[in-house]
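Dear colleague,

Please find below the structure that I promised to hand over. My notes on its strands and on one helix follow.

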Amino acid sequence: MAADDATSACRSGAPDNRGEAAVTLAQAPVAGDASLASLPERPASPRFGAPLQAWYPVAREAEARRGVRTRLHGRMIVLRRNEAGAIVAPHQPHLLVVVRAGLVWARQDDGPGQVVPPLIEDPIGGGDLPMIACSEVEVETDYDQAVLGLVDPAHVPMVHDAWWWRASSKRRVKTKQYAPSPFGFTATAADAFASAPAYALTGASRRIAIEFRLPSTRIERVEAEGFRLVNLTTVTPTAPGSVTLRNTIYCSVTPMRALHPFLSALGRAFLEQDARILRRLESRPAPGHPLLFVGAPDQPSLWYYQCKAALSRATDDAPFANPVRATVLQWRT
Ligand SMILES: [Fe+2]
């Protein structure tokens, strides 16, 4: 995805490398071996679409306990609680199901030898850090376009305009430090103004880190004096050309559970903004066309595709080689 009007490259890791050349995915250097240009195209392409072996959230734990129908990779899944109290997907022998963070996650089990990105490890969804909001929106769109919305710096200024999320429409230079993290990368803001106004209540000592992990998980962690919050956003490939955007928030201020309906409605409004843009995009993948990436604002999007390619190459004998290198990215937003 190329940089747009709202976000323009200033530099990438160095103070004066303006005017960066655009690179295609095939031209970009990748840690590892094969050239991306040699990767096969659709179907079953590691370049486009959702990795089949990975975990995706498919329902809330609470609704699965009551029994729910949901979808993953075009397949209908029935979830229910068994006699032992565990959430199961009966009659789905090649589907693994696990509960984490108050959500039910599922993945296709295609046998041994597949490298699977781990689930979020944070102890959230329970007593200390309960879920205070949960919202989801179904949208017909290309899977990768939806995931790019989790990493693209142009996304927030272009898509989300709530005052409590974006303080001002005035453009400023934003600087973020990026570092590789398991099956993805993590960004920390280097600017005092960079966090959303909604976080101002947490005080000046707050620390915010945003992790992206394959296949499609964005984990925003906020820590401050006596305060913790985790904001989890995911993209689930429900069927070809259809995804579920899901946002859940967990907070150490447990009385905020009382605000669950209100905060969930805010979250849903947020996701609807994503969905509205995705529906308007010409987002069908075009395997014959090279993907184009321009400068610092597009670096996270390029890393996304490179991470996905690295995952497709990983095996038990050749572990995932993270293509991300620690760097400082800066852009105007
Ligand atoms: Fe968004």
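Two strands pair if DSSP finds at least two bridges between them. Helices (H or I, at least four residues) and strands (E, at least two) are DSSP runs, numbered from the N terminus. This is a predicted model, in which local features need pLDDT of at least 70 and side-chain atom pairs count only at pLDDT 80 or more, while totals for chains, interfaces and linings use all residues. Residues are numbered from 1 along each chain as its sequence is written.

Strand E15 (residues 242-251) has two partners described here. Strand E9 (residues 131-140) pairs with E15 in the antiparallel sense over nine bridges, and Glu 140 stands opposite Ser 242 of E15. Strand E14 (residues 227-239) is also antiparallel to E15, over ten bridges, with Ala 239 opposite Ser 242. In the hairpin of E14 and E15, two residues lie between the strands, and Gly 241 takes a positive phi near 80°. Nine of the ten residues of E15 are buried (20 or more other C-beta atoms within 10 Å of the residue's own, with C-beta atoms placed from the backbone).

An open sheet of three strands runs in the order E4-E5-E6, with antiparallel pairing. Its edge strands, E4 (68-72) and E6 (87-88), each pair on one side only.

Finally, helix H5 (residues 295-313) has 19 residues and should span 27 Å at 1.5 Å a residue; its end C-alpha atoms are 26 Å apart, which agrees. The expected span is 1.5 Å times one less than the number of residues. Since 17 of its 19 residues are buried, H5 is largely enclosed by the rest of the structure.

Yours sincerely

Methods. A residue is buried if 20 or more other C-beta atoms lie within 10 Å of its own, exposed if 12 or fewer, and partly exposed in between; C-beta atoms are placed from the backbone.
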